[in-house]
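User: I'd like to learn how to read helix packing and strand pairing in a model. Could you walk me through it?

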Amino acid sequence: MESSAVAVLARTAECAALLFIGYKLRSAQLFSATDAEAAQRLAGYLTLPALVLHSCNVLPPLTWHALLGAPVVLAASAAAAGFCWLRFRQRHTRERALLCGSAVGSDAAAIAVPFVEAVAGPAGVAAACSALIANTLAVCIGSYLLTGSAGPAFPESYKHDDGGSYRGEWRGLTKEGLGVYTYQSGARYEGEWRNNLKDGRGVYYFPKGGTYEGEWAGGVMSGTGLRTYSSGKVVAGRWEGGQLAAPLELWQCAAAAEGAAEAALAARRVVVGGGKPIDAAQLLVVQPVLWAALLGLSLNALALPLPGSIAAVAAALAPANKALMLLSAGMLLQPSLPQPRQISDVTAVVAARTAAALFCVANALVLLPGCGHPVGQLSVLAAAAVLLSPIPPLALEFTRNFRLNEALSTACRDASLPASAALLLLLALGVGCLGLIPVALPGPAQPLELQLLLQNAAAADASGAAAMLAAIMVMLAAAIVLAAGYIQEKFAPEKSVKMRYAGPAAAAAAAAAVEQAGGGAAAGHAPRTPPAAPPAALARGGSGGCGCCCSSSSGWQLGWNQQQHWAPVPRSGSSSSSSSSSNSSSSSRSSRCQAAHRDMLCEVAMQGQQQQQLQSHLQIQQESPSCLENFQLAKWHARQRLLQQQQRKQQLCQSMQAARAQLRTSSTRPMLLQANRLMAR
């Protein structure tokens, strides 16, 4: 048992060293993220299939227990997707699709397979084939369809009335970006579009043969370009309005022609439509690791060896997979905190993936029939490594194809990389210390290696190591869920109080409440806090006005609209007042003054209610234990709102003083008394 633990520790240290070397290579700016992605792509299409075929070829036939990793991966992926769907069910469809799609599947080829190869050798890789198949299904079908539930970014094709069809990018109902237009005559344009017109660089294929490669403007050839006729004649020059304006040398138009060819290639590659099961099936059939795992398991079950040449190539390429994958993963391992508004979503996605994986693996180790068999146990442990791997790069590609929030998807993947590396290291250490891995170091193929695995795993099972590992996984999953809940509560978006003008009916009710409460202060009731004042525009009363509204001869006055803004509103009876006599004008002015003061009283009552709501909201923030973390931020926002209301209160007092000075000369004595009472309060 001690020799097994020491051997596993040594292999784990080797994997950690490769990750660290890759991280330092990227930090020293010797390689970029593009180089790391290219290396991973090369390994995924070349060395990983070779490793899978080589591992299945050198081992004796495995039992059906090697397939137990597949249901564990599928169950964990479904659990993570279900949790995220419930967690984000009230979010926008596009956000929910992105977050749920990121929670399904993993990048097993990047870290999981190298770890399994280093710790368990070819036997571990062969036992992980079923988990790799299930993970490929989860990514290409589950993650793709969940992300595609947001709907396609662009329609698959648009048929015009003139018989032509367009396939490309749109902005609203306008062709904008890159696209391909095929005319009914057989002509075709591939390139850039702007405002439904060919604009930029592109290639036009004439129906009778010949092309134009160059610049466009306003739907016609405009700029430098090359015109190639069907006879082979080439004309280079500067074009204006579709006609040749000035001939040029070929080398002078080479840059424009090359740019047009690149734009045409990009236009043909624009992803349109998508999100259907048939698209997921097409994506699935081009995954090399899927076919390599299926072929390897089939040949192993039938006890058929690989052909000699293929076996030799696989044996030569397989040893390079571990170093290439771990070094490139280390280059991409750049820890960085997401933006504050993204922390809650990123934490929920990573926690859902990790907790679902740990719970499902722990239950499988204890409850799944056949998991007591050593091969089944190794298959489930390999599935755990697959599930704990980071978010696959295909999830980011799906986000780009459907034009979702790429920044959020990148933040989720960047957060999952260091978390996956740490969890896989802990898993390898735990498995090694509990004696669940064979003593034999992975090396050249030996038939005795599987027997050593069986003997060592049987001894570990007799000691209850699998049950102990399952208990540790359950406790770790519970700790992750609790930590994620605390982080989400701490960084939850602030829920600000929104106050809106309730309309004239509510304002009249508030004014009536103010009039009824006129004697409340004298009866011993505590007076309400004075409300905020209206904007400064109120204090600038016009000649003959009341100081509460700015009137004009055009029949408009400054009033309070339903969006809490001061805006000109039509004045009732403006046409009749313009043709009335001086007596009717004075009476109309008096009625307008009374109406303005009545509106002012309504505003006073509404502002008083709003200030009381702010104070009660602040008191709730102080008394509620669940909001203590956000109390300082809420207190600052509430204080800012109170300061703004105090400024408006001062302006309102100034306007009322001006109105009272004007009313002293009028016969509206009751309104003056009411204004004095309001000022006293």
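This is a predicted model: local features need pLDDT of at least 70, side-chain atom pairs count only at pLDDT 80 or more; totals for chains, interfaces and linings use all residues.

**Strands and helices, step by step**

User: Which strand does β5 pair with, and how many bridges join them?

Analyst: β5 (residues 197–205) is joined to β4 by 6 bridges, and the two strands run antiparallel. They form a hairpin with 2 residues between them. In that turn, Asn-195 has a positive phi of about 55°.

User: What about β3 and β4: how many bridges join them?

Analyst: There are 6 bridges between β3 (residues 174–182) and β4 (residues 188–194), and these strands run antiparallel.

User: Now the helices. How are two packed helices described?

Analyst: Two packed helices are described by the angle between their axes and the distance between the axes. Here, take α12 (residues 340–367) and α17 (residues 465–490): their axes come within 8 Å and cross at roughly 165°. Angles over 145 degrees count as roughly antiparallel, so α12 is roughly antiparallel to α17.

User: What is the handedness of the crossing, and which residue classes make up the contact?

Analyst: α12 passes α17 in a left-handed crossing. Sorted by class, the contact between α12 and α17 has 23 nonpolar and 4 polar residues, with no charged residues.

Methods. Residues are numbered from 1 along each chain as its sequence is written. Side-chain values use heavy atoms; hydrogens and water are left out. Axes are lines fitted to C-alpha atoms, for helices over the stretch in contact, and angles run from 0 to 180 degrees between N-to-C directions. Helices (H or I, at least four residues) and strands (E, at least two) are DSSP runs, numbered from the N terminus. Angles under 35 degrees count as roughly parallel, over 145 as roughly antiparallel, 65 to 115 as roughly perpendicular and the rest as oblique. A crossing is left-handed if the near helix is turned anticlockwise from the far one by less than a right angle, and right-handed if clockwise. Ala, Val, Leu, Ile, Met, Phe, Trp, Tyr, Cys and Pro count as nonpolar, Asp, Glu, Lys and Arg as charged, and the others, Gly among them, as polar. Two strands pair if DSSP finds at least two bridges between them.
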